[in-house]
Amino acid sequence: MKYKRIIYSLVPIIGGGIVGLIISSYMDYQDLIKPPLAPPGFIFPIVWTILYILMGVSYYISNSDDKELDQIYLLQLLVNLLWPIIFFVLKMYFSAFLWIILLLILVIVMIKEFLRIKKLSGYLQIPYLLWLLFATYLNIGVFILN
C-alpha cells in the first residue's frame, strides 16, 4: 500500500504536466480582458507546481488506506485537471466557472477528510483552496469581460 501512496502522490505533478502540454498551444491568457489583480501568465505554472507538490505530499503523509479519501482525492484531481481544458481549449468560460465551483466543493470535502485523518495533511491543502478561490474570481471575471 505504500507504493500506492507514492504513485498517488506523484499523480498531481504528472497530470499537471500532461495537461500543461495539452493546453500550451491553446493558451491565450495574454489576449483576454482580465479582472483587476490578475497576475501575469508566468505565475500560473509556478503556483500550480507548488500546489501539486503540496497536494501530493499531503496525500502521502496522510498515511491512510481510506478508500473514501482515495476517491475524493482522485476525483477532485480529475476535476482540477479538466478545468484548464474547459477554459483554455474549449473557451467555455461560464462552464469553466461552474466546473471550478464543483472543484471548490470537492476540495473542501477533501480538506475535511484530510483533517480528520491527519491535521497536517489538511493544513497543507489550505493554499490550494485559497488559490482556487482566487482562480474562481479570475474565471468569472474573464467570463464577464470577454
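Trainee: What should I keep in mind about numbering and confidence?
Mentor: Residues are numbered from 1 along each chain as its sequence is written, and side-chain values use heavy atoms, with hydrogens and water left out. Because this is a predicted model, local features need pLDDT of at least 70 and side-chain atom pairs count only at pLDDT 80 or more, whereas totals for chains, interfaces and linings use all residues.

Trainee: Which residue forms a salt bridge with Lys-91?
Mentor: A salt bridge here is a side-chain nitrogen of Lys or Arg within 4 Å of a carboxyl oxygen of Asp or Glu. The pair that includes Lys-91 has its closest N and O atoms 3.4 Å apart, and it links the loop between helix 3 and helix 4 to the loop between helix 1 and helix 2, 63 residues apart; helices are DSSP runs of H or I with at least four residues, numbered from the N terminus. The partner of Lys-91 is Asp-28.

Trainee: Is Asp-28 buried or exposed?
Mentor: Buried means under 20% relative accessible area, exposed over 50% and partly exposed in between, with a 1.4 Å probe and protein chains only. Asp-28 has a relative accessibility of 16%, so Asp-28 counts as buried.

Trainee: Which residues are linked in a network of salt bridges?
Mentor: Asp-66 and Arg-116 form a salt bridge with closest N and O atoms 2.9 Å apart, a pair that links the loop between helix 2 and helix 3 to helix 4. Arg-116 also meets Glu-113 at 2.5 Å, N to O, and these two are separated by about one helical turn because they are three residues apart in helix 4. The network therefore consists of Asp-66, Glu-113 and Arg-116.

Trainee: How many charged residues are in the lining of the largest pocket?
Mentor: A pocket is an open set of points on a 1 Å grid over the protein atoms alone, where a 1.4 Å probe fits, with protein on both sides within 12 Å along at least five of seven lines, and lining residues have an atom within 4 Å of a point. The largest pocket has a volume of about 680 Å³, and its lining of 29 residues has 21 nonpolar and eight polar residues. The number of charged residues, meaning Asp, Glu, Lys and Arg, is none.

Trainee: Which helix gives the most to the nonpolar patch?
Mentor: The patch joins nonpolar side chains (Val, Leu, Ile, Met, Phe, Trp, Tyr) within 5 Å, from residues with over 30% relative accessible area and no salt bridge. Tyr-3, one of its members, is exposed at 68%. With seven residues, the helix asked for is helix 1.

Definitions and conventions
Patches are made of residues with over 30% relative accessible area and no salt bridge: like charges are joined within 9 Å, nonpolar side chains (Val, Leu, Ile, Met, Phe, Trp, Tyr) within 5 Å. Accessible areas come from the Shrake-Rupley method with a 1.4 Å probe; for residues, only the protein chains shown count as cover. Grid points are joined across faces, edges and corners, and a volume is the space filled by probe spheres set on the points.
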